[in-house]
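Reader: I am new to this structure. Please take a close look at a single part of it, and then show me what surrounds that part in the rest of the chain.

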Amino acid sequence: MSNDYIVKDIALAEFGRKELDIAETEMPGLMALREEYGAEKPLKGARIVGSLHMTIQTAVLIETLVDLGADVRWASCNIFSTQDHAAAAIAASGVPVFAIKGQSLEEHWDYLDRSFLFEDGPNLILDDGGDATLYILLGARAEAGEEIIPVPGSEEEVAIKAQIKKRMEASPGWFTKMRDQIKGVSEETTTGVHRLYDLQKNGQLPFPAINVNDSVTKSKFDNKYGCKESLVDGIRRATDTMMAGKVAVVLGYGDVGKGSAASLSGAGARVKVTEADPICALQAAMDGFEVVLLEDVVSDADIFITTTGNKDVIRIEHMREMKDMAIVGNIGHFDNEIQVAALKNHKWTNIKEQVDMIEMPNGHRLILLSEGRLLNLGNATGHPSFVMSASFTNQVLAQMELWLRGNEYDNQVYILPKKLDEKVARLHLAKIGVKLTQLDKEQADYIGVPQDGPFKPEHYRY
Ligand code: NAI
């Protein structure tokens, strides 16, 4: 076994492997791709940098990419989301992985840097939140003499700048070389996809990108049904609080907000929602949730969860108004939804890993989960395997598309064709006993679709 890895404890590999074996039974999409393409090895020659939560489910994704012929190096995209036994199992299998639950921000960027260190450099990126893409593009801009301002004022800015400087000193021209040999990126999440469309808009996208998030079988399942299971799981593992009867505020009612509100409401909490978009606000109201302003409910609610992908959603003035022992957490991609930095000069008492109690000037205490980082992965183990199978089947199809036909694409952001989206769904039906009705020829003609799909026009919203 090579020692080209950084994990918490390689001895956890056996435990990781046992959980991997179980996860495989719940990930029919990925296993079907292994069955379909394992012999053919369509990803032979692909050298993939992965920057995505190093969980058990991700381990099944990695082993699928390897089974299809790819060389892979991996880092986690969040400092708290790694499952150390999953990382150990992957390292023990010979795939270089750099991820420890609770790694520092400096380590986050250092590990990401290490995941690029293939002998001949990588040629594909598989990203979640856009950090791997950002790292290379900012570095290349710095090499061109431009000033780099990633996330103004944040801790992250200091850490990424330091890492870029280190790499520039060690290997002049490295970022530009990396950028130029990347054939494309597939992006997992809403926040990373926003970054890609921004790059496209500004003419700064240097390679084709596939937006995996907006496959229907990703965002309408992982973001929604995934959070429906994993949000309450995170709150319970962190606090063991009684959910039933509590007043919970879900900030944002997009896909993640819908799953989060359903999660809390399913656990018996009385859920209120805040929204900026009138369509989503109307959906929340008609789903039976009171739609409120945070200011109006902040002193009465027990649990606050941000799901917006936006910044400064829960601000210091809100936290000053919260009741004693209010629970505050975020399930959006980045930690800037809650103004955690503004709490730094308060008294913090660490309760256990990823759970802190913070004393406010008026004596009230707040329970802050995962320091404001996505709590379903920080305080629990993220989404269940089955829903991640749908997401990751899209990821593998996207990587194959970029590797096999990337040259036919412009430097723009693309979504996988509906036919593949339907294929991903199809691969998950048998596992849960779904029987699909077959349209006869007359019926298919009557509604104007081919008998074997696609069943909906592009503009259909599900
Ligand atoms: P979305 O765009 O569907 O929903 C976000 C919603 O927040 C929108 O409806 C928007 O109008 C609303 N919003 C924005 N600013 C607001 C504010 N100040 N107050 C109230 N509402 C506001 O995005 P989606 O897919 O729901 O993703 C949300 C975040 O969650 C992203 O950062 C995404 O990357 C992340 N994510 C996290 C997952 C996890 O497992 N923790 C899984 C999938 C996505």
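Author: Two residues are in contact when heavy atoms of theirs lie within 4.5 Å of each other. The model is predicted. With its neighbours within four places in sequence left aside, Gly-382 is in contact with Ser-230, Asn-376 and Leu-377. Gly-382 has a relative accessible area of 6%. Buried means under 20%, so Gly-382 counts as buried.

Gly-382 and Asp-233 are 149 residues apart in sequence, yet their C-alpha atoms are 8.6 Å apart in space. Among the contacts in the protein chain with a separation of 6 or more, 73% are accounted for by residues 24 or more positions apart. Buried residues make up 55% of the 462 residues.

Most residues other than glycine have a negative phi, and most peptide bonds are trans. Ser-370 is not a glycine, but its phi is positive, near 50 degrees. Ser-370 is also buried, with a relative accessible area of 0%. Gln-354 is another residue with a positive phi, about 65 degrees, although it is not a glycine. The place of Gln-354 is the loop between β12 (347-352) and β13 (355-359). Gln-354 is buried too, at a relative accessible area of 9%. As for peptide bonds, the one from Gly-453 to Pro-454 is cis, with omega near -5 degrees. Pro-454 lies in the segment after α18 (441-447).

Two packed helices are described by the angle between their axes and the distance between the axes. Helix α2 (residues 28-37) packs with α16 at an angle of about 35 degrees, and the two axes are 7 Å apart. On the α2 side, the contact is made by Pro-28, Gly-29, Leu-30, Leu-33 and Tyr-37. On the α16 side, the residues are Phe-386, Ser-389, Phe-392, Thr-393, Val-396, Leu-397 and Met-400. Sorted by class, this contact has nine nonpolar residues, three polar residues and no charged ones.

The axes of α5 (residues 105-115) and α6 (residues 131-143) come within 11 Å and cross at roughly 80 degrees. These two helices are therefore roughly perpendicular to each other. His-108, Trp-109, Leu-112 and Asp-113 in α5 meet Asp-131, Ala-132, Leu-134 and Tyr-135 in α6. The residues of this contact divide into five nonpolar, one polar and two charged.

Glu-63 is in helix α3, which covers residues 56-67. Glu-63 is buried, with a relative accessible area of 16%. Residues up to four places away in sequence not counted, Glu-63 touches Arg-17, Leu-20, Glu-24, Arg-34, Ile-90 and Ser-93.

The cysteines are next. A disulfide needs two cysteine sulfur atoms within 2.5 Å, and by this rule the count is zero. The sulfur of Cys-227 is too far for a bond, because the closest cysteine sulfur, in Cys-77, is 14 Å away. Cys-280 is in no disulfide either, and its nearest cysteine sulfur, that of Cys-227, is 15 Å away. Both residues are inside the cut-off for burial: Cys-227 has a relative accessibility of 3%, and Cys-280 has a relative accessible area of 13%.

Last comes the chain as a whole. It has 18 helices and 15 strands. Along the principal axes, the C-alpha atoms fill a box of roughly 65 × 65 × 45 Å. A compact globule of 462 residues would have a radius of gyration near 23 Å, and the 22 Å of this chain agrees with that. Gly-382, where this account started, is one of the buried residues of this chain.

Definitions and conventions: Residues numbered from 1 in each chain as written. Predicted model: local features only at pLDDT ≥ 70, side-chain atom pairs only at ≥ 80, totals over all residues. Heavy atoms only, no water. Buried < 20%, exposed > 50% of the residue type's maximum accessible area, 1.4 Å probe, protein only. Axes fitted to C-alpha atoms, helices over the stretch in contact; angles between N-to-C directions. Helix = DSSP H or I, 4+ residues; strand = E, 2+ residues; numbered from the N terminus. Parallel < 35°, antiparallel > 145°, perpendicular 65-115°, else oblique. Nonpolar A, V, L, I, M, F, W, Y, C, P; charged D, E, K, R; others polar. Rg over C-alpha atoms; globule rule 2.2 N^0.38 Å.
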